[in-house]
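Biologist: Let us go through some labels and what backs them. Please show the model.

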Amino acid sequence: MTVERNARQLMQEGWLCAESVLLAVTRAKGLESPLIPRLSTAFCAGIARTCGTCGAVTGGILALSLFVGRDRPERELLDLAFAPTQHFLEGFTAAYGSTNCYEIIGCDFRTPEGQARYKEANMRETCLECVALAVRLALEALDDAGHGVRP
């Protein structure tokens, strides 16, 4: 099973966007922890249903940070995390024109009407596509960064 398909499957099982991306990427890279889905939950549905950044995007950024983020407060380590994240964001924006959940799917999860519209219009398909793209872009960014291994 491809990692993108695994991310879609995770969503079908009930995980949300950020959780699915983070779980799929970390599992593909051999990292398992019960904290992994937890730290991404509030980022789902446009950051806790606030019409903010797409959860697939935040899940991808969290995954990148786990592998290329700093473990020491040395400023020169920032580019090791920022460059792949910028590449990831550029790719996502090129595909969807935005990284904002509301702008991508056009419904407001804060309202019952928005939640109903999401279900009725089968917007989950767009979310599944976003999740698959985020996983692919995050893995590409990690590969370009040398799998997150620092000298």
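Biologist: At what angle do helix α6 and helix α9 pack, and how far apart are their axes?

Modeller: This is a predicted model; local features need pLDDT of at least 70, side-chain atom pairs count only at pLDDT 80 or more, and totals for chains, interfaces and linings use all residues. Residues are numbered from 1 along each chain as its sequence is written, and side-chain values use heavy atoms, without hydrogens and water. Helix α6 (residues 78–96) and helix α9 (residues 124–144) pack at about 150°, axes 9 Å apart. Angles run from 0 to 180 degrees between N-to-C directions.

Biologist: Which residues of α6 make the contact?

Modeller: Contact means heavy atoms within 4.5 Å. From α6 come Pro84, His87, Phe88, Gly91, Phe92, Ala95 and Tyr96. The α9 side includes Leu133 and Leu137. The residues of this contact divide into 11 nonpolar, 3 polar and 2 charged.

Biologist: What makes Phe109 and Tyr118 an edge-to-face pair?

Modeller: Rings pair if their centres lie within 6.5 Å; planes under 30 degrees apart are stacked, over 60 edge-to-face, the rest tilted. Here the centres are 5.1 Å apart and the planes 65°, so the pair is edge-to-face.

Biologist: Why does Phe109 count as buried?

Modeller: Buried means under 20% relative accessible area, with a 1.4 Å probe and protein chains only. Phe109 has 10%, so Phe109 is buried. Tyr118 has 13%, so Tyr118 is buried too.

Biologist: How do you know that Ser40 is buried?

Modeller: Its relative accessible area is 0%, therefore Ser40 is buried. Beyond its neighbours within four places in sequence, Ser40 is in contact with Ala18, Glu19, Leu22 and Leu62.

Key
Helices (H or I, at least four residues) and strands (E, at least two) are DSSP runs, numbered from the N terminus. Ala, Val, Leu, Ile, Met, Phe, Trp, Tyr, Cys and Pro count as nonpolar, Asp, Glu, Lys and Arg as charged, and the others, Gly among them, as polar. Rings of Phe, Tyr and Trp (its six-membered ring) pair if their centres lie within 6.5 Å; planes under 30 degrees apart count as stacked, over 60 as edge-to-face and the rest as tilted. Buried means under 20% relative accessible area, exposed over 50%, partly exposed in between (1.4 Å probe, protein chains only).
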